[in-house]
Amino acid sequence: MILGSTGSIGTQAIEVVTADPDRFRVVGLAAGGGRADLLADQAAALGVEAVAVADPRAAEGLSARLRERGSAAKVLAGAEGVAELAAWECDVVLNGITGALGLESTLAALRAGRLLALANKESLIIGGPLVRRAAEPGQIVPVDSEHFALAQCFPRAAPGELASLAQGQVDAPLDEVRRLVITASGGPFRARGRDELAGVTPAEAMNHPTWDMGPVITVNSATLVNKGLEVIEAHLLFDIPFDRIEVVVHPQSVIHSMVEYVDGSTLAQASPPSMRIPIAYGIGWPERVGAAAPPIDWTSAHTWTFAPLDHEAFPAVSLACEVGAAGGTAPAVYNAANEVAVAAFLDETLAFPAIVDTVAQVVSEHRAGAAASDLSPAELYAADDWARRRARELIARAA
Ligand SMILES: NC(=O)C1=CN([C@@H]2O[C@H](COP(=O)(O)OP(=O)(O)OC[C@H]3O[C@@H](n4cnc5c(N)ncnc54)[C@H](OP(=O)(O)O)[C@@H]3O)[C@@H](O)[C@H]2O)C=CC1
Ligand SMILES: CC(=O)[C@@H](O)[C@H](O)COP(=O)(O)O
Ligand SMILES: [Mn+2]
């Protein structure tokens, strides 16, 4: 099952799947509805059983397009239709939807007992306590490149030991882990100071140095909010406290993250910056898929560099650690305010540094609700909704 099939993750997943037809068969596809021709082409080519579109207005046109292409796929519409597809009978659900809207699908897939290959980090971050309650240990296979790397360097739970949401692969006791080290490319504005970020344009922010991704995550990489979200994601997936998670700038994006052990050893995962490898890992788990992408070329000279993050120019990571440690609805507020601010930046109604300033302001005004263990979906969605409204007010006032 591929959710978000028309996006960057979804289209690469289809490439991985079609390259290995003996291993994979896609039973369903979901998307927002904005690229109905592409979705219909994909559905017809893959011969899927069902297609879901989040925008109900797109459903009728999609049915006609499917008929034109000779596809008899069932069409499901609206957020409920996408969630129904997420729970469809299959071996693995790849969640490649973008943003907080992916939460319903994450929960539906987990509650239906599906293995979840998770690219949609926002669903874990905003719904952390709900996802933790819905998931069995090891039911999530991380597709986000850093967490895909961490999983391969992290200890596998021993029998009787409490396993984390994501399964590690190294034979070692959990208490031998000293810290997680998450790499960041630094984005297109790496090495700039805060005063050099004031006038940057959406086109410049969209020009990521190493990855070709959808618009929201690309802007999040430029502000380092993506890294902030990934620190919270790592905490939730591997149960490591925030003071033992480090971010290091690695502009080449070849080392995708590392686990440091108590004896001073560090295990790192390396591969070229291609999401086809983490996607193949997620959907092929526990087997490795052959030739998902070309490996590192060891016959040519190249250099990997590492540097500390400039937290003054890029405060998004420190802020994420604070909201992550606060827990409850705080991470949802951080994410929701950011989604609104990124949309405003892309519409050219908000300056680049004001994205994280807006997030910080909304977070500072947020009143924490119930403790994480008691958090209800209604409280979570209310906090998300409040943060979006508050961010819009602040942005409108600043315009
Ligand atoms: N791209 C990458 O390399 C990486 C992405 N990720 C994460 O993966 C997720 C997807 O990112 P990316 O592929 O770049 O994003 P894109 O914007 O390229 O694609 C998003 C996809 O989600 C679909 N979609 C949007 N809203 C809904 C909805 N309500 N229900 C169902 N589908 C919906 C879109 O459909 P439509 O075409 O109709 O709009 C599209 O297929 C994000 O959470 C991102 O952070 C993580 C690591 C790397
Ligand atoms: C490919 C992937 O996993 C992205 O999340 C990537 O990490 C973005 O790069 P940054 O390191 O610039 O955030
Ligand atoms: Mn990532």
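Q: Which strands does α11 lie across, and at about what angle does it run to β8?
A: This is a predicted model, where local features need pLDDT of at least 70, side-chain atom pairs count only at pLDDT 80 or more, and totals for chains, interfaces and linings use all residues. Residues are numbered from 1 along each chain as its sequence is written. Helix α11 lies across β8 (177-184) and β9, and its angle to β8 is about 150°.

Q: Which strands sit at the edges of the open five-stranded sheet?
A: The order is β11-β10-β8-β9-β12, with mixed pairing; strands pair if DSSP finds at least two bridges between them. Pairing on one side only marks the edge strands, β11 (266-270) and β12 (307-308).

Q: What is the bridge partner of Val-249 in β12?
A: Strand β9 (residues 245-249) pairs with β12 in the antiparallel sense, over two bridges. For Val-249, the partner in β12 is Ala-307.

Q: Why does Glu-230 count as buried?
A: Glu-230 belongs to helix α11 (residues 225-238). Buried means that 20 or more other C-beta atoms, placed from the backbone, lie within 10 Å of the residue's own. Glu-230 qualifies because the number of other C-beta atoms within 10 Å is 28.

Q: Which residues does the UniProt annotation "binding site" cover?
A: The annotation comes from an unreviewed entry, and such annotations may be inferred rather than shown by experiment. Its residues spread over 87 residues of sequence, yet their largest C-alpha distance is 8.4 Å.

How values were computed. Chains lettered and ligands numbered in written order. Helix = DSSP H or I, 4+ residues; strand = E, 2+ residues; numbered from the N terminus. Buried ≥ 20, exposed ≤ 12 C-beta atoms within 10 Å, placed from the backbone. Contact = placed C-beta atoms within 7 Å. Axes fitted to C-alpha atoms, helices over the stretch in contact; angles between N-to-C directions.
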